[in-house]
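Colleague: I would like to learn how to read side-chain and helix features in a model. Can we go through one together?

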Amino acid sequence: MLLVVTYSRPARETLRNVCRTHEETVVRRFGRAALLAETEFGAFLACRLREKHAADVQVERTEPFNEFADAPASVRTAAAAYEARDSPSTPYDKFAAGTDHPSSAAMRDGDL
């Protein structure tokens, strides 16, 4: 998908008009940003916005996150265990201390 983020009022107005006119290409809209389908027409709309508003429009390519293919099992297990903890106010590092769950520092340094 193509993520289009706008940084000015005129760019937001153009994005809003594009989203209204080409609903079939818009995957999702988030106020000043939108996800466009990764098609030639989606690219055309993104390029058109960049051409019209230059630096007031940022375009990024996104990839869907598949938690089962992209996140290690240790991370998925830690997330599930943390969400099922007895005390909701326990910070993650305190929860993970003395267990097999990875520390937040280790996860921050780990690449997916």
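Modeller: Start with exposure. A residue is buried under 20% relative accessible area, exposed over 50%, and partly exposed in between. Keep in mind that this model is predicted.

Colleague: Is Glu38 buried, exposed or partly exposed?

Modeller: Glu38 has a relative accessible area of 43%, so Glu38 is partly exposed.

Colleague: Which side chain does Glu38 meet in a salt bridge?

Modeller: The idea comes before the case. A salt bridge needs a side-chain nitrogen of Lys or Arg within 4 Å of a carboxyl oxygen of Asp or Glu. Glu38 pairs with Arg61, at 2.9 Å from N to O. This pair links distant parts of the chain, 23 residues apart. Glu38 sits in the loop between β3 (33-36) and α2 (40-53). Arg61 belongs to strand β4, residues 57-61.

Colleague: Is Arg61 buried or exposed?

Modeller: Exposed. Its relative accessibility is 63%.

Colleague: How many salt bridges are there by this rule?

Modeller: The count is two. Glu83 and Arg85 form a salt bridge too, and their closest N and O atoms are 4.0 Å apart. Now apply the exposure cut-offs. Glu83 is at 62% relative accessibility, so Glu83 counts as exposed. Arg85 is at 19%, so Arg85 counts as buried.

Colleague: On to helices. What describes two packed helices?

Modeller: The angle between their axes and the distance between the axes. Here helix α1 (residues 9-21) packs with α2 at about 155 degrees. Their axes are 10 Å apart.

Colleague: Why is α1 roughly antiparallel to α2?

Modeller: Because angles over 145 degrees count as roughly antiparallel. The angle of α1 to α2 is about 155 degrees. That makes the two helices roughly antiparallel. Their crossing is right-handed.

Colleague: Which residues make the contact?

Modeller: From α1 come Pro10, Ala11, Thr14, Leu15 and Val18. From α2 come Leu45, Arg48, Leu49, Lys52 and His53. By class, the contact has six nonpolar, two polar and two charged residues.

Colleague: Where does His22 lie?

Modeller: In the loop between α1 and β2 (26-30).

Colleague: Is His22 buried or exposed?

Modeller: Read the percentage against the cut-off again. His22 has a relative accessible area of 18%, so His22 is buried.

Key: Residues are numbered from 1 along each chain as its sequence is written. This is a predicted model: local features need pLDDT of at least 70, side-chain atom pairs count only at pLDDT 80 or more; totals for chains, interfaces and linings use all residues. Side-chain values use heavy atoms; hydrogens and water are left out. Helices (H or I, at least four residues) and strands (E, at least two) are DSSP runs, numbered from the N terminus. Buried means under 20% relative accessible area, exposed over 50%, partly exposed in between (1.4 Å probe, protein chains only). Axes are lines fitted to C-alpha atoms, for helices over the stretch in contact, and angles run from 0 to 180 degrees between N-to-C directions. Angles under 35 degrees count as roughly parallel, over 145 as roughly antiparallel, 65 to 115 as roughly perpendicular and the rest as oblique. A crossing is left-handed if the near helix is turned anticlockwise from the far one by less than a right angle, and right-handed if clockwise. Contact means heavy atoms within 4.5 Å. Ala, Val, Leu, Ile, Met, Phe, Trp, Tyr, Cys and Pro count as nonpolar, Asp, Glu, Lys and Arg as charged, and the others, Gly among them, as polar.
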